[in-house]
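Let's get to know a protein together, one question at a time. Have a look at the model below, then try each question before you read the reply.

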Amino acid sequence: MKTLKVGDKVPDFSAVDQDGNTVNLSDYEGKKLVVFFYPKASTPGCTAEACNLRDNYKALQEQGFELLGVSADSQKRQANFKNKYEFPFPLLADEDHTVINAFGVWGPKKFMGREYDGIHRTTFLINEEGIVDEVISKVKTKEHAAQILK
């Protein structure tokens, strides 16, 4: 797992969001972008994280941030997640792991003694030039916006 680090240029990517629209990194050129990766839509930790970002969306926007959520869930599952919790930001359905691999957040995990490969809950703050300014790997799901806004 080769995760992007501070100072790395984010490789251009393209993926579909919950509504089937194609989203490209280049769409955010000249803007600050928060890309947050979460393991699975509608699970307790991922819901807490995304709802915390939703509840603080205005403050994030006031700091100039756009948001993109990414998981390997299907378009339908992402749409249900977004609609149920009324997220004001797009959720990418990265079923083929294009974006997940570009950022290097897929790899071995341990949960309740079981080892498996999955998405590591990681958030990247990307500046206007497409360079990683910060990587948050110890995400506090209920206080995630505060970690970004600090």
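Q: Is Met 112 buried or exposed?
A: This is a predicted model, and here is how the call is made. A residue counts as exposed when its relative accessibility is over 50%. Met 112 has a relative accessibility of 75%, so it counts as exposed.

Q: Where is Met 112 found, and what is its phi?
A: Met 112 sits in the loop that lies between β6 (106-111) and β7 (114-119). Most residues other than glycine have a negative phi. Met 112 is not a glycine, yet its phi is positive, at about 50°.

Q: Does His 97 count as buried or exposed?
A: His 97 belongs to the loop between β5 (91-93) and α4. It has a positive phi too, near 65°, though it is not a glycine. To be buried, a residue needs a relative accessibility under 20%. His 97 has 16%, so it counts as buried.

Q: Which residues have the most contacts inside the largest nonpolar core?
A: In soluble globular proteins, nonpolar side chains tend to be buried together. Here the largest nonpolar core has 22 residues. The residues with the most contacts inside this core are Phe 37 and Phe 103.

Q: Why is β3 largely enclosed by the rest of the structure?
A: Let's start with its partners: β3 runs parallel to β4, joined by 6 bridges, and pairs with β8 in the antiparallel sense over 5 bridges. Phe 37 has Val 70 as its bridge partner in β4, while Val 34 has Leu 125 in β8. To see why β3 is largely enclosed, count its buried residues: they are 5 of the 6.

Q: Which residues does Gln 147 touch, not counting those up to four places away in sequence?
A: Gln 147 is placed in helix α5 (residues 144-149). At 16% relative accessibility, which is under the 20% cut-off, Gln 147 counts as buried. Leaving out residues up to four places away in sequence, Gln 147 touches Glu 134, Ile 136, Lys 138, Val 139 and Lys 140.

Terms used:
Residues are numbered from 1 along each chain as its sequence is written. This is a predicted model: local features need pLDDT of at least 70, side-chain atom pairs count only at pLDDT 80 or more; totals for chains, interfaces and linings use all residues. Side-chain values use heavy atoms; hydrogens and water are left out. Helices (H or I, at least four residues) and strands (E, at least two) are DSSP runs, numbered from the N terminus. Buried means under 20% relative accessible area, exposed over 50%, partly exposed in between (1.4 Å probe, protein chains only). Contact means heavy atoms within 4.5 Å. A nonpolar core is a set of buried Ala, Val, Leu, Ile, Met, Phe, Trp, Tyr and Cys residues joined through side-chain atoms within 4.5 Å. Two strands pair if DSSP finds at least two bridges between them.
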